[in-house]
Amino acid sequence: DNHFFIGKFTSGGEYVGWFFQFAFAATAATIVAGTVAERCKMAAYLCYSVMLTGFVYPVVVHSIWSSAGFLTAFNDKPLGDVGMVDFAGSGVVHMTGGVTALIAAA
């Protein structure tokens, strides 16, 4: 009856926000897919995708996009007194996917 993790959504904007984040997480995972194409077993790629979209990506997104994140420029005390401002998600998505792809290709 509560529709699992989206059961507490009360407005259409929350569904739109969830879909927005879902699309960005999937994009980060497809960057890895292009790197390891034909070099990786499907089971290993699925494990990478689950770990990336379920655990790594949310931590990176929170630390950059949240006003309480330690990497954001909008925090009172960002890491090293220098914060990051991301334009339209491109930095977070491509950095997360690229670093994961680099690790996967090694």
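From the N terminus on, the elements of the chain run α-α-α. That gives 3 helices and 0 strands. Helices (H or I, at least four residues) and strands (E, at least two) are DSSP runs, numbered from the N terminus. The model is predicted: local features need pLDDT of at least 70, side-chain atom pairs count only at pLDDT 80 or more, and totals for chains, interfaces and linings use all residues. Residues are numbered from 1 along each chain as its sequence is written, and side-chain values use heavy atoms, with hydrogens and water left out.

**Confidence and overall form**

The chain has a mean pLDDT of 86, and 93% of its residues reach 70 or more. This score is the predictor's confidence in each residue, from 0 to 100. The C-alpha atoms fill a box of roughly 45 × 45 × 20 Å along the principal axes. Of the 106 residues, 26% count as buried. Buried means under 20% relative accessible area, exposed over 50%, and partly exposed in between (1.4 Å probe, protein chains only). Contact means heavy atoms within 4.5 Å. Among contacts between residues at least 6 apart in sequence, 51% join residues at least 24 apart.

The structure holds 5 aromatic pairs. Rings of Phe, Tyr and Trp (its six-membered ring) pair if their centres lie within 6.5 Å; planes under 30 degrees apart count as stacked, over 60 as edge-to-face and the rest as tilted. Trp-18 and Phe-22 are stacked, because their ring centres are 5.3 Å apart and their planes stand at 10 degrees. Both lie in helix 1 (residues 12–36), 4 residues apart, about one turn of the helix. Phe-20 and Phe-24 have centres 4.5 Å apart and planes at 45 degrees, so this pair is tilted. About one helical turn separates Phe-20 from Phe-24 too, as they are 4 residues apart in helix 1. Trp-18, Phe-19 and Phe-22 form one aromatic cluster.

| Residue | Relative accessible area | Class |
|---|---|---|
| Trp-18 | 35% | partly exposed |
| Phe-20 | 42% | partly exposed |
| Phe-22 | 44% | partly exposed |
| Phe-24 | 18% | buried |
| Tyr-57 | 3% | buried |

**The largest pocket**

The largest pocket holds about 200 Å³ of space. On a 1 Å grid over the protein atoms alone, a pocket is an open set of points where a 1.4 Å probe fits, with protein on both sides within 12 Å along at least five of seven lines; lining residues have an atom within 4 Å of a point. Grid points are joined across faces, edges and corners, and the volume is the space filled by probe spheres set on the points.

Trp-18, Gln-21, Phe-22, Ala-25, Ala-26, Thr-53, Gly-54, Tyr-57 and Pro-58 line this pocket. Helix 1 and helix 2 are the elements that give two or more residues to the lining. Helix 1 gives the most, with 5 residues. By class, the lining has 6 nonpolar, 3 polar and no charged residues. Ala, Val, Leu, Ile, Met, Phe, Trp, Tyr, Cys and Pro count as nonpolar, Asp, Glu, Lys and Arg as charged, and the others, Gly among them, as polar.

**Tyr-57**

Tyr-57 lies in helix 2. Beyond its neighbours within four places in sequence, Tyr-57 is in contact with residues including Gln-21, Phe-24, Ala-25, Trp-65 and Val-92. Its C-alpha atom is separated by 10 Å from that of Thr-100, 43 residues apart along the chain.
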